Amino acid sequence: MANDNQNNQDHSDSSFKEQILRSMRVDGSEDDHMSSSGNEYQNQSEEHSQVNTSGSSDWESNQQEAPQSYSRVEASQGFEQQPINNSNDDEQHRTSENKDNRADSFKRTRKKEDRLVNRIVLLVISVLILVIAIFGFTFYKYVDEGLQPLDKNDNNLVQVYIPAGSSNKQIAAILEENKVIKSGMVFNYYIKFKNLADFQAGYYQMAPNMTLDEVGGLLREGGTAEPMQIADGKVTVPEGYDIDKIGDAIKENTDYKKDDFIALMQNEDYFNAMLAKYPDLLGSAAEAEGVRYRLEGYLFPATYDYYKDVSLEDFVDQMIAKTDSVIGEYAAAVNAKGMTNQQVLTLASLVEKEGVEESDRRKIAQVFFNRIAANMPLQSDISILYALGEHKELVTYKDLEVDSPYNLYRNTGYGPGPMDSPSEQAIAAVLNPEENSYFYFVADIKTGKVYFAETYEEHQEFVDKYVNNSTEKSD
């Protein structure tokens, strides 16, 4: 019985062990890397079955080994959870895609914002350029109009008082307030640009049709200490005008006739009357030979009041009086150079038209002195044009053959006398020339720049470059 029980017990134990082994074999088939562990476990179980014959001991042994079997099952279940891990990968992939999509969306938004900003900047720049262009054009028109007479058709004079010590800005404001000029600001900048200075205080009579040059010239001449009767008109004699052109100015601005003026210039009795009045001024003019008009060069370029009740003789008298006052200031310099007024005014009349800048005029004056000292003709085109009685741009070789004492290509020396009314600056240039050794000069007909030369060959190069070539191109 005991053996039967023992056999039954052994059989029972053997069956339970086989069940566990089968379970372990199943686990081993599901997990290859666990097979070696299963074999070891089987060997250990067989060893335990041989040693332990007690059922309780086998059960305890089985209970101790059960957790290991359970852990194997969990391990196998872990492999069964692999699809869940794949799901996490998909979610991570979708998250990455969402990030990329958000980045692309941000870039697109940023590009749109950049394009919008660029458009706004372009619009602002365009508006600024337009505003600047409009302002520039408006300012240009304002300045251009400010340079013009206030009213070209209004020659009615108004009396203007310039207090002593007035600045140029204050004078400009006074002129604008008295309706003489359009813009005080433009006038102020204009006189700075033209380097007009030495404006004098006093009473002036000005008209709205006067140019800024005429107004400036009048202010430099000086006004009267007391108010004067309002004149009936003004006559401006520009620098470099000859008797013929002065006659035109008188005709246009007064009731005098040009023919009457020309006849007066040829009247010996009138000249003698002026000679008696201004002997120091006109003494050398009285001795000149071959002159066209004895008073040529002695009618000073300035602006003069015209009154209807004043005779033509008295009107011309005030022009001669102005020349007398100017030359009188240079009397010592004229005597120091051993020259006569006729000679000074003759050279000054050439310098007036041959040069524009003061520095050029002083050099040109010295060139004339160099040629006179070398007994060379002055060779001034101004003298040829005066001899021809014409006003034109270029002098031809045929013109140089004109038979006249004023032809200073043929005749040496100063010539008969002045050929226009020179400015005070031209007179000063003759009396204070800039020392040099030049004998030739020529002006670029396009720019007015004067080129000086010591030799004829060098001079001819300048002529070919700045006169002949320019003429051929213009043709």
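This report walks through the overall make-up of a predicted protein model and then a handful of its local features.

## The whole chain

Let's start with the big picture. The protein has 475 residues, and 36% of them count as buried.

As for surface, the accessible area of the protein is about 28200 Å², with carbon and sulfur atoms holding 49% of that. On the contact side, take the pairs of residues at least 6 apart in sequence: 64% of those contacts join residues at least 24 apart.

Helix α4 spans residues 82-146, and K112 sits in it. K112 belongs to a patch of positive charge on the surface, where it gathers with K107, R108, K111, R115 and R119. Is K112 buried or exposed? With a relative accessible area of 56%, K112 is exposed, because anything over 50% gets that label.

Most residues other than glycine have a negative phi. K179 isn't a glycine, yet its phi is positive, at about 60 degrees. N375 is another non-glycine residue with a positive phi of about 60 degrees.

Where do they sit? K179 is in the loop that links α5 (168-177) to α6 (184-193), and N375 is in the loop between α15 and α16 (381-388). K179 is exposed, with 58% relative accessible area, and N375 counts as exposed at 57% relative accessibility.

## Around helix α12

Helix α12 runs over residues 312-329 and includes D324. How accessible is D324? Its relative accessibility is 29%, so it counts as partly exposed.

Which residues does D324 touch, once its neighbours within four places in sequence are left aside? The contacts are Y278 and L281. L281 is 43 residues away from D324 along the chain, but the C-alpha atoms of the two are 5.9 Å apart.

## What covers helix α17

Helix α17 takes in residues 424-431, and its buried residues are A426, I427, A429, V430 and L431. What covers them? The cover includes α12, the helix that holds D324, along with α13 (331-336), α14 (341-354) and α15 (358-373).

A336 makes a handy contrast to those buried residues. It lies in helix α13, one of the elements that cover the buried part of α17. A336 itself is exposed, with a relative accessible area of 69%, whereas L431 is among the buried residues of α17. Between A336 and L431 there are 95 residues of separation along the chain, and their C-alpha atoms lie 9.1 Å apart.

Methods:
Residues numbered from 1 in each chain as written. Predicted model: local features only at pLDDT ≥ 70, side-chain atom pairs only at ≥ 80, totals over all residues. Heavy atoms only, no water. Patch = residues over 30% accessible without salt bridge, like charges linked within 9 Å, V, L, I, M, F, W, Y side chains within 5 Å. Areas by Shrake-Rupley, 256 points an atom, 1.4 Å probe, with all protein chains shown as cover. Salt bridge = Lys/Arg side-chain N within 4 Å of Asp/Glu carboxyl O. Lys, Arg positive; Asp, Glu negative; His and termini not counted. Charge placed at Lys NZ, Arg CZ, Asp CG, Glu CD. Helix = DSSP H or I, 4+ residues; strand = E, 2+ residues; numbered from the N terminus. Buried < 20%, exposed > 50% of the residue type's maximum accessible area, 1.4 Å probe, protein only. Contact = heavy atoms within 4.5 Å.
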